[in-house]
Every structure is written in C-alpha cells, then in structure tokens.
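User: I would like to learn how to read a few features of a protein model. Please take them one at a time.

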Amino acid sequence: MRVSILALLFAALCQPCLSGWEVTRVHPAGADWSQLMGISGRYAVGEIAYTNGPPNVTVQAALYDLDRGTWKPLDTRDTTANAVSDMWAAGFLYQPGNASVVKATAWPLAGGPALDLQPAGALTSKLTSASGQLLAGSAQFAGKIHAYVWDLAGGQEYDLHPPAAVNGSQVNGIDGTRSVGEIGLGGGTGSHAVLWPSLAAGYVDLNPTGAVYGSTAYDISDNTQVGEVDGLAALWRGSAGSYVNLHPSWLPSAALSYALGADAHVQVGYVDYDRGAGTFPRFPAHATVWFGTAASMFDLHSLLDPAYYRDSVANDVWVDELGNIYVVGSAARVNGGPAEALLWTYVVPEPGSVAALALGLAGLPFFRRPRGITCRSRPTTSSGPCTRHP
C-alpha cells in the first residue's frame with residue numbers, strides 16, 4: 001500500500017512524463033498541407049501549401065495565433081516562415097521561376113510590409129531564427145554560405161563566417177546575442193556544431209572528441225544548445241566537453257535522432273525507428289521531447305492516431321512562465337498524404353490539485369518525517385517535467 005500511494009503522488013508531480021499531454025490538429029481548412037516551424041509566446045509560424053489557393057502562390061508563410069486558434073497569411077507571394085520572436089516572423093521569399101534562389105525576409109507582427117533583408121552582394125539568403133529584433137540565418141557570397149545575423153533595432157548586419165570554415169557556415173538558432181549553427185572545416189571532417197558567444201568574431205567548437213561524421217547545433221536557449229552528433233540527438237552547455245547524448249540507445253529500433261528546438265529545460269525533435277526491410281516507411285520519424293537526458297525522453301508521436309498518421313516531427317518548443325509546454329511541428333498521413341500542422345501542449349496542473357493530494361497523504365503514518373531529519377528534494381517540481389521515462 002505504501003509503495004502504491006507514493007507512486008500516485010510522484011505520478012501527479014511528474015505529469016509531462018506520465019500524462020497530461022494533449023495534441024491538437026491545427027491544419028487549416030482548404031490547405032493541401034501545412035507545418036509549424038517555430039513558436040514564441042502567443043504565436044507560431046510555418047507554411048501552408050495550396051493547389052487552389054491565392055493566385056500564383058504555391059506555398060505561403062503564415063502566422064498561427066494560439067489564443068484564437070486561427071491562421072493568418074504573412075505574404076501574398078511564395079514564402080516560408082521558420083521562426084518568430086515577440087516582434088518579427090522570419091523566413092525567406094522564393095524567387096519566381098527559381099525555387100532554389102531565396103531571399104531573407106521578415107514580417108512585423110504589428111503589421112506592415114515585409115522587409116527584404118538580403119545583404120548587398122549576396123546571391124541568396126535566408127532567416128532561420130529570431131530573438132527580439134535579432135534575426136539570424138545565412139547569406140551566400142560568391143558560392144560560399146556565410147553565417148549571418150541581422151540587428152533590426154541597430155540597423156546592422158554581422159557576418160559571423162570564420163576563415164577556417166572553407167565549406168561554409170550558417171546560424172540555425174539565436175537567443176539574445178548568442179547563436180549556434182555549424183561550420184564546414186573541410187578535409188573530410190564533416191560539419192562542426194559551433195556556438196557564437198556574441199556578435200563579435202570568434203566561436204566555440206562544440207564537436208565532441210570521438211565524433212566520426214560531425215555535428216550540427218540547431219537551437220539555443222540560455223546556456224543550453226541542442227543538435228546532433230553523428231546523427232544522434234545531442235545537448236551541450238557551452239563547450240564540447242559538456243556534450244550529452246540524448247539518443248534512446250536502449251530502444252533497439254531507434255536508428256537516428258535529432259534535437260531541433262529548445263526552451264528553458266525542454267528539448268524537442270524526433271527519433272527515426274528502423275522497422276525492418278520490406279516495411280513502409282522503413283524509418284518512420286516520431287516527434288520526441290526530452291528534459292535534459294536521454295532517459296527523460298517522451299514519444300509525442302504516441303499521442304497520435306496510428307491509423308491516420310505514419311510519422312511526425314517536433315520543430316520547436318516554448319515554455320511559459322508557469323511551466324506550461326507548447327510544442328509545434330507536423331505529421332504525415334498514413335495514406336501517403338502530405339503533412340499537417342500539429343500543436344502538442346502540456347498544461348501544469350492547478351496547484352490546488354497537487355497540494356490537496358500531498359495534504360491528504362500527509363495524514364498517513366508513513367508520510368510523516370521524524371524530526372531532525374532533512375527531507376531530500378524531490379526529483380522534480382510541480383511545474384517541471386520528471387527526469388525519467390515511464
């Protein structure tokens with residue numbers, strides 16, 4: 001009896017691992033396919049594709065309002081939005097007749113015309129991340145891609161490309177003046193995940209010792225960076241030596257994994273599972289959330305109807321001041337149909353419900369602590385996820 005009641009209490013305090021997750025299909029009516037790429041606060045961004053949509057538009061950058069549950073097109077041209085801050089949606093514009101040529105483009109959330117941010121002399125450019133009025137991505141000059149940051153408040157541009165990156169560089173995520181991405185050092189070493197601590201020259205190489213194929217960093221939140229090493233989801237805290245392997249290696253079918261987004265104590269991405277030869281798809285992707293360790297992973301795809309969706313991906317995450325978790329991404333249908341935008345949410349239980357349970361258990365003899373003994377801290381708070389998969 002004692003064990004079962006204790007388990008009940010810890011289950012209530014570890015909701016993100018055991019229950020409480022919900023998934024919402026936010027695919028807009030009339031769209032052929034959709035996906036959400038980034039989230040910050042009330043808004044998420046992505047793209048919608050139409051067969052019979054606006055004139056001369058195949059794919060359209062769009063803003064999703066979480067409060068109202070509505071979509072709003074950001075442009076009347078072929079565009080994609082990858083990221084959003086409290087002021088800007090960021091992405092790129094496809095050039096008419098040549099989808100391989102794109103221009104970095106930003107849309108003010110307050111309304112107004114889109115900004116063409118392609119640097120002078122650049123052949124192409126794109127935005128992949130946003131933080132306040134700092135937007136980041138890359139620009140291609142004379143055949144080489146350069147990591148790039150735009151400061152819209154100060155009207156400045158920062159070329160972060162290091163001379164050592166003979167195969168190019170790019171920023172994938174930014175948080176304040178800190179950004180992460182990858183550089184190509186050449187010589188068969190593959191790409192290296194890097195951290196730019198500021199907008200000045202200089203970077204920290206996050207590629208851990210022993211990496212065979214290289215690494216990439218996709219996002220940053222405070223002092224946490226996420227990405228992949230040799231095709232396995234990875235987490236860093238400012239240095240190569242801090243590398244944490246997030247891949248669920250105890251699952252025999254888990255083949256590859258990628259951590260694509262991070263906020264506060266939460267990381268999201270996907271895990272590819274090998275179902276064996278002769279199956280389709282052989283390597284379905286499952287949207288996944290982590291809480292700092294491989295053992296903390298939770299399969300968000302398990303919340304989806306397997307008769308409707310075949311695979312899924314979690315692209316970004318936002319955690320509010322109460323600890324509520326919002327994950328955006330998409331899933332593809334089992335019939336070979338296109339992707340549909342999804343929103344996974346975890347809402348922290350009302351304090352009263354957990355407090356009432358704890359108060360009730362406190363009256364039981366086993367729950368009383370002898371005086372003079374300091375109780376160990378429990379493994380999680382009521383507003384945070386537990387650190388072990390159920």
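User: Is D230 buried, partly exposed or exposed?

Analyst: Buried means under 20% relative accessible area, exposed over 50%, and partly exposed in between (1.4 Å probe, protein chains only). D230 has a relative accessible area of 25%, so D230 is partly exposed. Before going on, note that this is a predicted model: local features need pLDDT of at least 70, side-chain atom pairs count only at pLDDT 80 or more, and totals for chains, interfaces and linings use all residues. Residues are numbered from 1 along each chain as its sequence is written, and side-chain values use heavy atoms, with hydrogens and water left out.

User: What is the phi of D230, and where does D230 sit?

Analyst: Most residues other than glycine have a negative phi, and most peptide bonds are trans. D230 is not a glycine, yet its phi is positive, about 55°. D230 lies in the loop between β19 and β20 (232–236). Strands here are DSSP runs of E with at least two residues, and helices are runs of H or I with at least four, numbered from the N terminus. A264 also is a residue other than glycine with a positive phi, near 55°. A264 belongs to the loop between β22 and β23 and is partly exposed at 38% relative accessibility.

User: Which residues does a cis peptide bond join?

Analyst: F280 and P281, with omega about -10°. P281 is in the loop between β23 (266–273) and β24 (285–290).

User: How many helices and strands does the protein have?

Analyst: Three helices and 28 strands. Of the 390 residues, 52% are buried.

User: In what order do the strands of the open sheet run?

Analyst: Strands of a sheet pair through backbone hydrogen bonds, either parallel or antiparallel. Two strands pair if DSSP finds at least two bridges between them. Here four strands form an open sheet in the order β18-β19-β20-β21, with antiparallel pairing. The edges are β18 (215–221) and β21 (244–245); each has a single partner strand, so one side of each is left without a neighbour in the sheet. Six antiparallel bridges link β18 with β19 (residues 224–229).

User: How many salt bridges does a search of the whole structure find?

Analyst: Side chains of opposite charge can pair when their charged atoms come close. The cut-off: a side-chain nitrogen of Lys or Arg within 4 Å of a carboxyl oxygen of Asp or Glu. The search finds eight. One of them joins E340 and R25, at 2.8 Å from N to O. E340 is in strand β28 (residues 339–346) and R25 in strand β1 (residues 21–25), so the pair ties together parts 315 residues apart in sequence. E340 is buried at 1% relative accessible area, while R25 is partly exposed at 46%. R77 and D75 also form a salt bridge, 2.8 Å from N to O. R77 is partly exposed at 36%, and D75 is buried at 9%.

User: What is the volume of the largest pocket, and which residues are closest to its centre?

Analyst: Rolling a probe the size of a water molecule over the atoms shows where empty space is left. On a 1 Å grid over the protein atoms alone, a pocket is an open set of points where a 1.4 Å probe fits, with protein on both sides within 12 Å along at least five of seven lines; lining residues have an atom within 4 Å of a point. Points are joined across faces, edges and corners, and the volume is the space filled by probe spheres set on them. The largest pocket has a volume of about 720 Å³. Of its 33 lining residues, A83, T128, S129, D219 and D316 are closest to the centre. Elements giving two or more lining residues include β6 (79–84), β18 and β26 (309–319).
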